[in-house]
Amino acid sequence: MTGVQTCALPISVAVSRMFAAVATPSDPQVSFINATDKTVAGQYSLNVVQAAKQATYLGGVAAGVSTDPLVIDASNNTFSLTLNGTASSTLTLAQGSFSKTEIATMLQAAINNDPAIKAKGSAVSVTFDNDNNRFQMTTRDYGSSKSINIDSVGSNMASTLGLSTGSGAAGSSAGADVLGSLTDSQGRNFVFNGEGQKVTIKSLLTGSPYGLEFSVAGEATGSRGTLNFQRGYASELNLKINNLLDTKNGLLGTSLDSISKNQTKVADQLKKLDERYQLLVERYTKQFSAANAAVSQMSSLSASLANTFKTSSNE
């Protein structure tokens with residue numbers, strides 16, 4: 001069709017970007033999460049020094065794993081492990097003959113359904129690596145706090161399934177956090193140390209996109225494109241209103257704060273005046289009562305003297 005142009009973005013996305021604060025990454029594996037009022041708008045180049053990793057436990061190549069199906073009995077059906085710092089109870093597999101894929105599923109279910117591990121929200125995936133003829137465990141989540149360590153195994157588990165105590169065979173590894181930096185148009189670098197794949201910019205340097213949150217997936221390091229952070233109309237308006245209402249630096253906020261403080265000061269002064277008034281009322285009341293009592297005494301004395309003189313004159 002001629003004369004018709006297609007929009008590069010869905011209408012809903014384009015409209016949301018007109019109003020909301022959003023960072024647009026050029027790398028499809030980078031995702032914007034959030035920003036704050038302090039995040040400086042601009043285009044930033046993203047460089048990744050270390051990609052985030054999951055923890056991995058690689059089993060050993062045992063004589064038993066060359067056959068299929070494998071026999072699970074009382075000698076190789078129990079084990080325990082520590083996942084991401086949380087120790088499991090003794091885990092038990094059903095006995096019988098199973099394929100390697102079935103055993104991988106059984107191992108995964110036993111670990112992920114352990115009450116202590118489940119309570120922490122941790123989980124692993126277990127697969128059988130046919131190329132290297134071994135079982136492999138991988139944490140669901142990324143980050144330096146992720147690890148897998150087998151604490152105990154049945155007497156024949158190492159020889160039949162290749163699973164032994166420790167952190168795994170050569171090639172096994174703990175998780176890692178994403179490390180890197182953002183660079184603005186003026187060449188200023190803002191280094192970050194992520195948590196798993198998630199990044200929160202915490203640099204307080206001038207021009208920093210402070211509070212910008214995004215995630216970096218994938219294993220690639222080096223240049224990962226750009227992040228273009230912009231504020232939509234509504235976000236910009238909200239920021240300007242917040243700046244105006246700021247009680248420390250905002251034009252309107254400082255005025256309102258000053259008025260509020262003056263109102264508080266006047267209220268305190270009125271309270272003190274009221275307290276002084278009450279004290280004066282109490283003092284004058286006491287003085288009036290004392291004077292009234294004195295007048296009463298004098299009246300009584302006058303009446304008594306008058307009565308005495310009258311009696312004397314009659315005699």
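This is a predicted model: local features need pLDDT of at least 70, side-chain atom pairs count only at pLDDT 80 or more; totals for chains, interfaces and linings use all residues.
Residues are numbered from 1 along each chain as its sequence is written, and side-chain values use heavy atoms, with hydrogens and water left out.

In soluble globular proteins, nonpolar side chains tend to be buried together. A nonpolar core is a set of buried Ala, Val, Leu, Ile, Met, Phe, Trp, Tyr and Cys residues joined through side-chain atoms within 4.5 Å. Buried means under 20% relative accessible area, exposed over 50%, and partly exposed in between (1.4 Å probe, protein chains only). The largest nonpolar core has 28 residues, of which Leu-81, Ile-111, Phe-135, Met-137 and Leu-163 touch the most other members. Among the elements that give two or more residues to this core are strand E6 (78-83), helix H2 (100-112) and strand E11 (134-142). Helices (H or I, at least four residues) and strands (E, at least two) are DSSP runs, numbered from the N terminus. H2 gives the most to this core, with six residues. Apart from this core lies another, of 18 residues, including Ala-35, Leu-182, Val-199 and Leu-227.

H2 has 13 residues and reaches 18 Å from its first C-alpha to its last, close to the 18 Å expected at 1.5 Å a residue; the expected span is 1.5 Å times one less than the number of residues. Its buried residues include Ile-103, Leu-107 and Ile-111. Leaving aside residues up to four places away in sequence, Ile-111 touches Phe-79, Leu-81, Leu-83, Leu-91, Ile-117, Val-124, Val-126 and Met-137, where contact means heavy atoms within 4.5 Å.

In the loop between H2 and helix H3 (115-119) lies Asp-114. Asp-114 counts as buried because its relative accessibility is 3%. Its C-alpha atom is separated by 6.3 Å from that of Ser-88, 26 residues apart along the chain.

Ala-158 lies in helix H4. Ala-158 has a relative accessible area of 35%, so this residue is partly exposed. Not counting residues up to four places away in sequence, Ala-158 touches Ala-62, Leu-163 and Ser-164.

Among the residues that line the largest pocket are Gln-50, Lys-53, Tyr-142 and Glu-219. On a 1 Å grid over the protein atoms alone, a pocket is an open set of points where a 1.4 Å probe fits, with protein on both sides within 12 Å along at least five of seven lines; lining residues have an atom within 4 Å of a point.
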